[in-house]
Structure formats: structure tokens, C-alpha cells
Amino acid sequence: MEHLDQDPAVLVSEERARLFVPIQRRLELLISESNVPPKIEFENNSISQKNDGAIIQSGSFNISIRALVATNPLNGKIINETPFAVSIWRRQEFDLETLQGFKKEGCETPSESAFLNKDFASSEEALEFTLAQLR
């Protein structure tokens with residue numbers, strides 16, 4: 001219980017950023033080596049000020065790849081054996097002015113069934129799955 005004096009939110013955000021580093025490096029390499037790099041937005045954690053996820057646009061789809069928590073921040077025990085999550089969904093265009101009339105109620109977020117979600121034990125597995133979706 002070596003971390004009892006630290007804020008668990010800080011420990012979690014630092015762990016997520018640490019787990020994401022290999023993914024970020026590989027995505028940055030992909031951007032720098034590609035003639036037509038995919039559009040990638042890194043997600044910066046507001047607590048650690050470090051990246052712990054990314055959204056990649058591929059065709060009409062978005063691919064989210066992110067690191068989650070693997071261990072309990074207070075005791076170091078493994079709490080998540082698959083701390084890497086990949087989600088894929090079709091981007092949708094919304095006309096918010098039309099929706100403001102409330103003739104048809106809409107939602108900007110697709111339903112859960114519109115997502116393909118997969119969890120992985122390693123950053124390599126998550127990244128290989130993600131990169132396969134870009135081809």
C-alpha cells in the first residue's frame with residue numbers, strides 16, 4: 001500500500017498514459033512515414049496532461065483506441081486483464097438546426113449496438129487490430 005498518500009485519480013491517469021505510450025509512438029510513426037497519413041487526434045487526459053487515447057478517421061468510420069486501468073492504483077493488484085479498448089463506429093452527419101425544431105428527436109451519439117468494441121491484453125494486439133481496420 002505504497003500509494004496511500006497519493007490521489008488515486010492522478011495514479012490512474014498516469015498509468016493510462018504510461019500504457020498508451022507504445023501506441024502513441026507507433027501512430028506517430030505511421031503519420032510521419034505515410035504519404036497520405038490517416039487523420040489522428042490524440043486524447044489528452046486533463047489530469048496527467050498526457051495522451052491516453054486516440055481517434056482515427058478511416059473512410060466513413062472512426063476508430064478509438066485507448067488505454068484503460070490495468071491495476072488498482074492503491075495496491076497494484078491487477079483489476080483489468082484487458083486494459084486496451086478499441087471501438088469502431090460509422091461517423092454520422094447531423095443537421096442540428098433541423099433537430100432543434102424537435103420535429104424529429106435525434107441523438108448525436110449512436111446507440112451501443114452501432115459500435116464494434118474489442119478489448120485487448122496488450123498494446124500490440126490492440127494496435128494490430130486497429131491498423132488492420134485502416135487497410
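Let me start with Trp89, which is buried, at a relative accessible area of 15%. Buried here means under 20% relative accessible area, exposed over 50%, and partly exposed in between, with a 1.4 Å probe and protein chains only.

A note on the source. This is a predicted model, in which local features need pLDDT of at least 70 and side-chain atom pairs count only at pLDDT 80 or more, while totals for chains, interfaces and linings use all residues. Residues are numbered from 1 along each chain as its sequence is written, and side-chain values use heavy atoms, with hydrogens and water left out.

Now the aromatic pairs. The structure holds three of them; rings of Phe, Tyr and Trp (its six-membered ring) pair if their centres lie within 6.5 Å, and planes under 30 degrees apart count as stacked, over 60 as edge-to-face and the rest as tilted. Trp89 and Phe115 make a tilted pair, 5.1 Å centre to centre with 45° between the planes. Trp89 lies in strand β4 (residues 84-90) and Phe115 in the loop between α2 (96-100) and β5 (116-120), so the pair ties together parts 26 residues apart in sequence. Helices (H or I, at least four residues) and strands (E, at least two) are DSSP runs, numbered from the N terminus. Phe120 and Phe129 form another tilted pair, at 5.4 Å and 40°, and both residues are buried.

Strands β1 (residues 39-44) and β2 (residues 51-58) pair in the antiparallel sense over six bridges; pairing requires at least two bridges found by DSSP. Which residue has a positive phi although it is not a glycine? That is Gln49, at about 60°, in the loop between β1 and β2.
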